[in-house]
Each structure stands twice: as C-alpha cells, then as structure tokens.
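Colleague: I have a model open and would like to learn how to read it. Could you take me through it feature by feature?

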Amino acid sequence: MGLLARIIGNETGRDDTARRTSPDKSTGIAYDAGLVDRLKKDHQDLVVIYTAIKTAANEGRFHELPGLLTNLKLAFQTHVMQENVKFYVYVQQHYSHDADTANFIFDVRKEMEGIARALIKFVNTHSTILPTRETVANFQAELDHIGAVLMMRVQLEENRLYSLYQPA
C-alpha cells in the first residue's frame with residue numbers, strides 16, 4: 001500500500017496497516033510484510049560482495065581485499081542481526097505449538113551461529129594477513145568453501161525457512 005493509501009485508508013475505507021503489523025502479544029515483534037524481501041535482497045548483496053572478493057583475488061588485486069572483506073562482514077552481520085531480531089523471534093513464537101517446526105527453526109538458527117563464526121574468523125584473519133601470489137590458492141580454497149556453505153544456506157532460507165514467516 002502506498003503512502004497516500006495509508007494516509008487515507010484502503011479502498012474499503014479502512015486502514016489495515018495496524019492489523020498487518022501489530023506485534024505478537026508475547027514477543028512484541030511485529031509481522032513485517034517486507035522483511036523476507038529485504039532478507040532476500042541482503043542475499044543478493046552478499047553474493048555481489050563475495051564475487052568482488054573472488055575477482056580481486058583471482059586478478060591479484062590483494063590490496064582491495066581488506067575493504068571488500070570488511071564490507072562482507074558488515075553486510076553479513078547486519079543480515080544475521082535482522083534475522084535474529086525480527087525473523088527468528090517471530091517464527092519461534094508463531095510455531096511454538098508445533099514441535100517439529102519449532103525444532104527445525106531452532107536447528108537452522110543454531111547452524112547459522114556456526115556459519116557466522118567461521119565467516120567472521122575468515123574475514124578477521126584475511127583482513128590483517130593479505131594473501132600473496134604464493135598463498136592466494138589457500139585463500140581461494142577457503143573462500144570457495146565459505147561461498148559453497150553460504151549458497152546452500154541461502155537456498156535453504158529462501159526455499160524453506162522464509163515460507164514459515166506468516167502473519168499471526
């Protein structure tokens with residue numbers, strides 16, 4: 001709904017924004033109709049940064065890596081924070097009555113903590129110790145591994161996890 005429609009109400013004469021975004025009573029986290037689209041956009045942005053890192057390393061532009069790695073870390077941490085604060089809290093409460101789904105959400109969230117630690121360790125290590133022509137193969141191997149894990153994770157989130165985010 002556009003700004004004007006929100007100001008004057010929808011075609012029925014009512015503004016249903018409050019109903020769509022009212023907070024869950026027990027968590028205080030409101031359903032956000034645009035959240036999943038923003039999280040998917042984050043994924044696209046992370047792929048762009050990852051690709052820039054890979055290209056810089058392949059082309060021997062090692063001096064660009066610290067800034068690119070910092071951008072990756074910041075974008076990733078921002079994404080994970082949004083998921084933790086807005087997504088996971090909401091869906092865990094929403095599915096608290098469904099043990100199988102609640103366990104799936106818990107497991108996926110826990111797995112993300114491990115992925116986050118590995119990515120941050122990689123970034124911190126390679127932001128201070130730049131690869132050289134002699135060590136770039138190891139850097140690229142680590143980067144490829146992280147990229148593969150992240151792509152699998154993005155597919156899981158976009159194909160299964162985000163479908164659980166529904167209005168209460």
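This is a predicted model: local features need pLDDT of at least 70, side-chain atom pairs count only at pLDDT 80 or more; totals for chains, interfaces and linings use all residues.

Colleague: How much of the chain is buried?

Modeller: A residue counts as buried when its relative accessible area is under 20%. By that cut-off, 36% of the 168 residues are buried. The chain exposes about 9900 Å², and 57% of that area comes from carbon and sulfur atoms.

Colleague: What share of the contacts links residues 24 or more positions apart?

Modeller: Among contacts with a separation of 6 or more, that share is 72%.

Colleague: Now the packing of helices. At what angle do α5 and α6 cross?

Modeller: Look at the angle between the two axes, then at how closely they approach. The α5 and α6 axes cross at roughly 155° and come within 11 Å. Angles over 145 degrees count as roughly antiparallel, and α5 and α6 are therefore roughly antiparallel to each other. The crossing is left-handed. Residues that meet across it include Phe 104, Met 112, Leu 119 and Phe 122 in α5, and Phe 139, Ile 146, Leu 150 and Glu 157 in α6.

Colleague: Are α4 and α6 parallel or antiparallel?

Modeller: Their packing angle is about 25°, with the axes 15 Å apart. Angles under 35 degrees count as roughly parallel, and α4 and α6 are therefore roughly parallel to each other. This crossing is also left-handed. From α4 the contact is made by Leu 65, Phe 76, His 79, Glu 83 and Tyr 88, and from α6 by Phe 139, Leu 150, Arg 153 and Glu 157.

Colleague: Which residues have the most contacts inside the largest nonpolar core?

Modeller: A core of this kind is a set of buried nonpolar residues joined through their side chains. The largest one has 25 residues, and Ile 53, Leu 65, Leu 72, Phe 76, Leu 119, Phe 122 and Phe 139 have the most contacts inside it. Two or more residues come from each of α3 (35-58), α4 (65-94), α5 (99-128) and α6 (136-159). The biggest contribution is that of α5, with 7 residues.

Colleague: Take Leu 65 as an example. What does Leu 65 touch?

Modeller: Setting aside residues up to four places away in sequence, Leu 65 touches Ile 53, Ala 56, Ala 57, Leu 130, Pro 131 and Phe 139. Apart from this core lies another, of 17 residues, among them Tyr 31, Val 91, Ile 105 and Val 108.

Colleague: Ile 105, then. Is Ile 105 buried or exposed?

Modeller: Ile 105 sits in helix α5. Its relative accessibility is 0%, so Ile 105 counts as buried. Beyond its neighbours within four places in sequence, Ile 105 is in contact with Tyr 88, Val 91, Gln 92, Tyr 95 and Leu 164. Tyr 95 is 10 residues away in sequence, with a C-alpha to C-alpha distance of 8.9 Å.

Colleague: And Glu 157: buried or exposed?

Modeller: Glu 157 belongs to helix α6. Glu 157 counts as buried because its relative accessibility is 1%.

How values were computed: Residues are numbered from 1 along each chain as its sequence is written. Side-chain values use heavy atoms; hydrogens and water are left out. A nonpolar core is a set of buried Ala, Val, Leu, Ile, Met, Phe, Trp, Tyr and Cys residues joined through side-chain atoms within 4.5 Å. Buried means under 20% relative accessible area, exposed over 50%, partly exposed in between (1.4 Å probe, protein chains only). Helices (H or I, at least four residues) and strands (E, at least two) are DSSP runs, numbered from the N terminus. Contact means heavy atoms within 4.5 Å. Accessible areas come from the Shrake-Rupley method with a 1.4 Å probe; for residues, only the protein chains shown count as cover. Axes are lines fitted to C-alpha atoms, for helices over the stretch in contact, and angles run from 0 to 180 degrees between N-to-C directions. Angles under 35 degrees count as roughly parallel, over 145 as roughly antiparallel, 65 to 115 as roughly perpendicular and the rest as oblique. A crossing is left-handed if the near helix is turned anticlockwise from the far one by less than a right angle, and right-handed if clockwise.
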